[in-house]
Amino acid sequence: MTTPAYLGEFEQLLLLAILRLDAKAYGVEVARELETRARRTVSRGALYTSLDRLEDKGLLRWKVMPGTPERGGLPSRLYTVTPAGVAALRASRETLRRMWRGLEDVLKEPTS
């Protein structure tokens with residue numbers, strides 16, 4: 001059994017956005033999802049560089065989808081998370097759970 005890939009925070013957010021979007025996980029939609037749910041804006045360059053890096057790690061893949069009239073017939077990439085990507089997300093979640101454990105009182109929301 002291989003160790004899941006280490007994920008940085010932004011990589012986790014990207015993979016989670018792609019999972020959430022499912023069949024609508026195109027680059028523009030991924031950026032919108034990050035802005036809406038994570039309240040993070042991302043430049044086009046940073047987005048696609050990070051998506052390419054995740055592909056190089058084997059954590060996501062993409063396929064070319066036919067263009068639509070809205071895009072002037074230009075094709076687009078539809079992203080999906082690989083099983084290795086899901087395993088890496090699970091490992092990251094478990095690591096964070098272990099680190100948070102025992103700190104609930106220290107990190108709780110202020111009551112005032």
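**Close-up 1. Arg37 and Glu33 meet in a salt bridge through their side chains.** The N to O distance is 2.6 Å in this predicted model. Both residues belong to helix 2, where they sit 4 residues apart, or about one helical turn. Arg37 is exposed, at 53% relative accessible area. Glu33 is buried, at 14%.

**Close-up 2. A salt bridge joins Glu11 and Lys57.** Their side chains come to 3.0 Å, N to O. The pair links distant parts of the chain, 46 residues apart. Glu11 lies in helix 1 (residues 9-21), and Lys57 in the loop between helix 3 and strand 1 (60-65). Glu11 is buried because its relative accessible area of 7% falls under 20%. Lys57 is partly exposed, at 39%. Arg53 joins Glu11 and Lys57 in a network of salt bridges.

**Close-up 3. Arg101 forms a salt bridge with Glu94.** The closest N and O atoms are 3.9 Å apart. Arg101 counts as exposed, at 52% relative accessibility. Glu94 is partly exposed, at 31%. The model's salt bridges number 9.

**Close-up 4. The largest pocket has a volume of about 420 Å³.** Its lining is made up of 18 residues. Nearest the centre lie Tyr26, Gly27, Val28, Tyr48 and Arg71. Helix 2 (27-38), helix 3 (44-56) and strand 2 (76-81) each give two or more residues to the lining. Helix 2 provides the largest share, 5 residues. By type, the lining has 8 nonpolar, 4 polar and 6 charged residues.

Key
Residues are numbered from 1 along each chain as its sequence is written. This is a predicted model: local features need pLDDT of at least 70, side-chain atom pairs count only at pLDDT 80 or more; totals for chains, interfaces and linings use all residues. Side-chain values use heavy atoms; hydrogens and water are left out. On a 1 Å grid over the protein atoms alone, a cavity is a set of points where a 1.4 Å probe fits but cannot get out, and a pocket is an open set with protein on both sides within 12 Å along at least five of seven lines; lining residues have an atom within 4 Å of a point. Grid points are joined across faces, edges and corners, and a volume is the space filled by probe spheres set on the points. Ala, Val, Leu, Ile, Met, Phe, Trp, Tyr, Cys and Pro count as nonpolar, Asp, Glu, Lys and Arg as charged, and the others, Gly among them, as polar. A salt bridge is a side-chain nitrogen of Lys or Arg within 4 Å of a carboxyl oxygen of Asp or Glu. Buried means under 20% relative accessible area, exposed over 50%, partly exposed in between (1.4 Å probe, protein chains only).
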